[in-house]
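User: I would like to go through the labels used for this structure and see what each one rests on. Please set the values against the definitions as we go.

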Amino acid sequence: MKSSQSIPVYSLQNFSKEQLNRQFQVEEFDANRHFAVEYPHRHDFFEILFLSNGSGKHIIDSNVYEVHPPCVFFLSPGQAHKIMLSEDIDGYIFTFTADFYLYNHNNQNRLLEFPFFFTVKQNNPPLQITNEHDKFFLTTMFATAIQELKREKQHSPEMLRSLLDVILQFCNTRYEVNDTMLIKGKGHI
C-alpha cells in the first residue's frame, strides 16, 4: 500500500447519502453504491462489512484476505484498506463512531475488548460464516437496522445501538481467537 502520509482519511459524512452529521450509517452494500472511494484509504470510524455474495480481495494494513462469502470484515479507525470486489458483490455495511456505540454504556473500553478491533498485530482476518442459520441471523439484524433507519426522524438511536450490539456480540462468539492472538494482546492496546 501507499505510504501512510498519502492515504486519505474519510469520516462518516463522506459516506452518508444525506451528508448529515451522523455517528452511524447502515445500508446495503453492492456494486452500485452511491459514492466513489479513493483507494487505499482510512476511516476515523468503525466498520462492519458483512458480505453474503460475490468474490474479491480485501487488503487491510498490508494483509491480503480473499473474500469468500458469507463473511464479515471488521475495521477500526486508522486502519488502511483497499477492497477489490466482483460485480455480483452483495451484503451490508454498518459504520459507526465509538461515541455512538458507547453512549450510555457502562464499560467505555468495550470496543477494545472485541478480538477483531484494535489488534496489536494489525491482523484481523474476516469471520467466516459457516452455516445458513448464522447467515440468516446476520442478514435479519442488518435488514432490521436498515428498516429502523428508514423511519427517518422517527428512528430510534437506542434500537440501532441495540442491533449493533447484538451484531457485535454475535460475531464475537463466533470469531476464532487462538492462543497466539491472546499472547500478543489481540484486541487490547
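Analyst: Buried means under 20% relative accessible area, exposed means over 50%, and partly exposed lies in between. The model is a predicted one.

User: Why is K57 called partly exposed?

Analyst: K57 has a relative accessible area of 36%.

User: What makes the contact of K57 with E66 a salt bridge?

Analyst: The closest N and O atoms of K57 and E66 are 3.6 Å apart. The definition asks for a Lys or Arg side-chain nitrogen within 4 Å of an Asp or Glu carboxyl oxygen, and the pair is therefore counted as a salt bridge. E66, at 39% relative accessibility, is partly exposed. By this rule there are 5 salt bridges.

User: How do you know that E113 and R110 are about one helical turn apart?

Analyst: Both belong to helix α2 (residues 110-113) and are 3 residues apart, which means a separation of about one helical turn. E113 is partly exposed at 34%, whereas R110 counts as buried because its 14% relative accessibility is under 20%.

User: What makes the salt bridge of R174 with D134 a tie between parts of the chain?

Analyst: The closest N and O atoms of R174 and D134 are 2.9 Å apart. R174 lies in helix α4 and D134 in helix α3, so the pair ties together parts 40 residues apart in sequence. D134 is buried, with a relative accessible area of 8%, and R174 is partly exposed at 37%.

User: Is Y65 buried or exposed, and how do you know?

Analyst: Y65 has a relative accessible area of 10%; the limit for buried is under 20%, so Y65 is buried. Y65 is found in strand β6 (residues 63-67).

User: Why can E28 belong to a negative surface patch?

Analyst: E28 has 46% relative accessibility, and patch residues need over 30% and no salt bridge. Glu counts as negative, and E28 forms the patch with E87, D88 and D90. The place of E28 is in strand β2 (residues 24-30).

User: Which residues touch the most other members of the largest nonpolar core?

Analyst: I48, F94, F96 and L168 do, in a core of 33 residues. Several elements each supply at least two residues, among them β4 (46-53), β9 (90-96) and α3 (132-149). Helix α4 gives the most, with 7 residues.

Terms used. Residues are numbered from 1 along each chain as its sequence is written. This is a predicted model: local features need pLDDT of at least 70, side-chain atom pairs count only at pLDDT 80 or more; totals for chains, interfaces and linings use all residues. Side-chain values use heavy atoms; hydrogens and water are left out. Patches are made of residues with over 30% relative accessible area and no salt bridge: like charges are joined within 9 Å, nonpolar side chains (Val, Leu, Ile, Met, Phe, Trp, Tyr) within 5 Å. Accessible areas come from the Shrake-Rupley method with a 1.4 Å probe; for residues, only the protein chains shown count as cover. The place of a charge is taken as NZ of Lys, CZ of Arg, CG of Asp or CD of Glu. Helices (H or I, at least four residues) and strands (E, at least two) are DSSP runs, numbered from the N terminus. Buried means under 20% relative accessible area, exposed over 50%, partly exposed in between (1.4 Å probe, protein chains only). A nonpolar core is a set of buried Ala, Val, Leu, Ile, Met, Phe, Trp, Tyr and Cys residues joined through side-chain atoms within 4.5 Å.
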